[in-house]
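User: Please go through the sheet and the chain contact of the model shown below.

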Amino acid sequence: MTFPSTSSADAVIAVTGLSRCFGSKLALDEVSLFVPRGSVFGLVGENGAGKTTLIKHILGLLKAESGSVRVFGKNPVADPVGVLSHVGYLSEHRDLPAWMRVDQLLCYTRAFYPGWDPHYAEQLREQFGLDPAARVKTLSQGQQAKAGLLIALAFRPELLLLDEPSSGLDPVVRRDILEAIIRTVADEGRTVLFSSHLLDEVERVSDQLAMIHHGRLVLCGRLDEIKESHRRLVLRFDSPQTALPSMKQALSIRGSGREWTVLCNGERNALCASLQQLGARVVDEQIPSLDEIFVAHAGRKAGEAESSTALS
Amino acid sequence: MQINISAKEGAPIYQQIVNQVKYLVASGRLATGEEIPPIRALAEQLTINPNTVARAYLELERAGVVTKRHGAGTYVSESGSPLARRERVRILTRRIDALLAEAINMGIELDEIVDLLRERHAPLQTRSGK
């Protein structure tokens, strides 16, 4: 499946036709996406949708069964050093060596990265309020996330990959992480890809978005284009309706009696024509929130998704 | 500059910034010639993508609300007044629409509304005339 609003030109990450099975379960199904340089790319989807599996392919931790993955134009499985030396990564589990002290952790990580910037590392450590003598295992969840973020940032990577960076964290630490993402792209025009199920934070910081559902991309493109192609129409009928017929342009239909709400993607005019035939008047038309868009797409059955994925 | 971003609102974030800056200019909370925050500062203040702020500023510049001075920041346009007037009319129109909708629901006729407006307006008139 291809999406017209992104192209492979100047893509930091290029994933084409990637599929992956775990046993009989299809974890990724023909996924293609391109992450442009300098963008903040938000990857959203329910738990188990395939976000982490996709990120592991980008890191070269999993080998593509079919399709291809290129990062900076290189294959991350064949050339791990060429790729990973430019990628800062924070995993969902933030698996840092528990027995190390913070200063040892910095020293240890520094050895792997020629581009490590000790002044920047020190500046981040102070900003995050991390005690150099504290052992990693004694740090709170939030402090461990900050320590993980510090070592992902301190060598000024060209690409920052964050897997559910703010899951289970309080709002203050979440804000620190979001600010780090913003500074990373603002300062140096670097690229960030992060996965999240917190749609309001995705909407705030990302400019590109991919929505993954049961291993398939259901939406992919510029965030503002995705938002502006969706509409929420509020309808009034002259007489109460018990149900509305399913319409192929409608992603979701809900309501009761005389007032119904329909969410559509890019086919507003065709939808309005069918609605008029049903005797409905459109009394309100708004751009829905990302939350509503997500729920509408995730709520559809897998087979239905096919016809509605292309953006207008 | 006080901007509130809400993800619950459907409008894209850049659009929310554009609307609110226009509102601030139209209502006089931002004066002509006043500097608005640099892109990066506003992005960090609101924790949003700097590209989004850049897009909002570009739209505001195209609309003539703000002017970029080369290497010296972004300022509310001196010539912002015709737009500000249009924007004021737009804001007021929305309020009037809401008022009319409510009046119609209550079964109040237009003449009655106009009389009521005059009545409410009179004391304000003498006060501002002093």
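Analyst: Two strands pair if DSSP finds at least two bridges between them. Helices (H or I, at least four residues) and strands (E, at least two) are DSSP runs, numbered from the N terminus. This is a predicted model, in which local features need pLDDT of at least 70, side-chain atom pairs count only at pLDDT 80 or more, and totals for chains, interfaces and linings use all residues. Residues are numbered from 1 along each chain as its sequence is written.

User: In what order do the three strands of the open sheet in chain A lie?

Analyst: Pairing in this open sheet of chain A is antiparallel. Strand 2 (25-36) and strand 4 (66-71) of chain A are the edge strands, each pairing on one side only. The order is 2-1-4.

User: How many bridges join strand 1 to strand 2 of chain A?

Analyst: Strand 1 of chain A covers residues 11-22 and runs antiparallel to strand 2 of chain A. One bridge partner pair is Phe22(A) with Lys25(A), the latter in strand 2 of chain A. The number of bridges is eight.

User: Which element of chain A gives the most residues to the side that touches chain B?

Analyst: The contact (C-beta atoms, placed from the backbone, within 7 Å) takes 23 residues from chain A and 18 residues from chain B. Elements giving two or more residues to the chain A side are helix 6 (171-188), helix 7 (199-205) and helix 8 (223-229) of chain A. With six residues, the one that gives the most is helix 6 of chain A.

Key: Chains are lettered from A and ligands numbered from 1 in the order in which they are written. Two residues are in contact if their C-beta atoms, placed from the backbone, lie within 7 Å.
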